[in-house]
Amino acid sequence: MKKSFNNTRSDAVLIELSLAGEKNALESLIKKHQDWIYNIALTFVGDKDEAADITQEVLIKIVTKLGSFKQKSTFRTWVYRIVKNHFLNMKRGKYEANSPTLEQFGQGIDQIPNESLSDYSYEVEDKLLVKEAKISCMKGMLLCLDREQRMIYIIGELFDFTDTIGSEIMEISKENFRIKLHRAKKQLYNFMDNKCGLINKNNPCRCARKTAGFIKMGFVDPINLHFQKNTITTINKVIDKKIDVYKDQIISEYQKLYQEHPFLQSPEKLESIKKLLSSKVIKETFNFD
């Protein structure tokens with residue numbers, strides 16, 4: 001009789017059982033981490049379909065390399081190092097191919113006319129459309145950072161990883177990680193403070209005024225919301241608390257805005273993972289029946 005596994009089991013136990021030939025344990029290990037990988041990928045590339053493909057690719061790498069995990073770091077750190085290497089070296093997606101600078105991004109926002117949603121008729125509530133526009137715009141800002149900056153920002157600021165873990169993932173010193181994170185935050189938040197009206201009310205840009213334009217340009221789908229479907233919770237409710245040295249650190253209002261973004265469930269049908277687990281190579285590697 002096959003045993004059933006759930007995500008409450010530790011990574012160490014699931015890894016041990018996976019390598020011993022328990023297919024259910026490997027499936028549980030994948031399910032335990034795939035939502036995190038998917039949400040990091042979604043923030044990194046700004047497109048749900050691309051993020052799903054990337055998640056599959058990363059999970060395949062994790063599964064095929066599982067036997068090489070030497071427990072010199074936590075499994076999550078090891079996983080995110082694979083994520084980082086994959087992200088920094090993968091082919092550029094549709095939003096990255098011609099990603100603008102923050103200055104160009106701001107100019108593009110300025111060119112979108114201010115319109116009232118009341119002039120249009122959409123099936124989705126206006127407040128949801130405005131929220132979608134806000135999230136889309138903020139994800140777009142992140143795409144203006146280079147890949148290394150974006151990855152460091154996501155793990156260090158958005159998901160609140162410590163400089164110890166962040167430096168291990170990025171394979172740089174803790175001091176270098178802090179410096180690079182500070183630069184990414186400064187670049188992003190200075191732009192927002194000079195352009196975005198979410199915090200600095202003196203700025204003219206307002207999500208509600210730009211939403212109709214975002215819809216016309218295809219950045220917001222008024223029928224299928226890109227960033228609010230399959231919401232589990234918000235990012236700030238799933239992140240681990242930082243160690244004592246970080247407890248008294250003042251969290252900026254802009255960081256809070258990003259951490260209030262939805263934390264989404266990854267697509268259920270990761271067909272390539274199912275095929276991988278059933279493939280001859282994996283069956284032989286893990287001694288699956």
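**Exercise 1. Is Cys205 buried or exposed?**

Start with the ground rules: this is a predicted model, where local features need pLDDT of at least 70, side-chain atom pairs count only at pLDDT 80 or more, and totals for chains, interfaces and linings use all residues. Residues are numbered from 1 along each chain as its sequence is written, and side-chain values use heavy atoms, with hydrogens and water left out.

Step 1: get the cut-offs. Buried means under 20% relative accessible area, exposed over 50%, and partly exposed in between (1.4 Å probe, protein chains only).

Step 2: apply them. Cys205 has a relative accessible area of 16%, so call Cys205 buried.

**Exercise 2. Describe the lining of the largest cavity.**

Step 1: a cavity is a set of points, on a 1 Å grid over the protein atoms alone, where a 1.4 Å probe fits but cannot get out; lining residues have an atom within 4 Å of a point. Points are joined across faces, edges and corners, and the volume is the space filled by probe spheres set on them.

Step 2: there are three cavities of 30 Å³ or more, and the largest holds about 60 Å³.

Step 3: list its lining: Leu26, Leu29, Ile30, His33, Leu59, Ile62, Val63 and Phe75.

Step 4: assign elements, with helices (H or I, at least four residues) taken as DSSP runs numbered from the N terminus. α2 (23-45) and α3 (48-65) each supply at least two lining residues, with α2 giving the largest share, four.

Step 5: sort by type. Ala, Val, Leu, Ile, Met, Phe, Trp, Tyr, Cys and Pro count as nonpolar, Asp, Glu, Lys and Arg as charged, and the others, Gly among them, as polar. You get seven nonpolar, one polar and no charged.

**Exercise 3. Where is His261 found, and what does it touch?**

Step 1: look in the loop between α11 (253-259) and β2 (262-264), where strands (E) need at least two residues.

Step 2: His261 is buried, at 2%.

Step 3: contact means heavy atoms within 4.5 Å. Skipping neighbours within four places in sequence, His261 contacts Ile135, Met138, Lys139, Thr234 and Ile235.

How values were computed:
1 Å grid on protein atoms, 1.4 Å probe; cavity = no way out; pocket = protein on both sides within 12 Å on 5 of 7 lines; lining within 4 Å.
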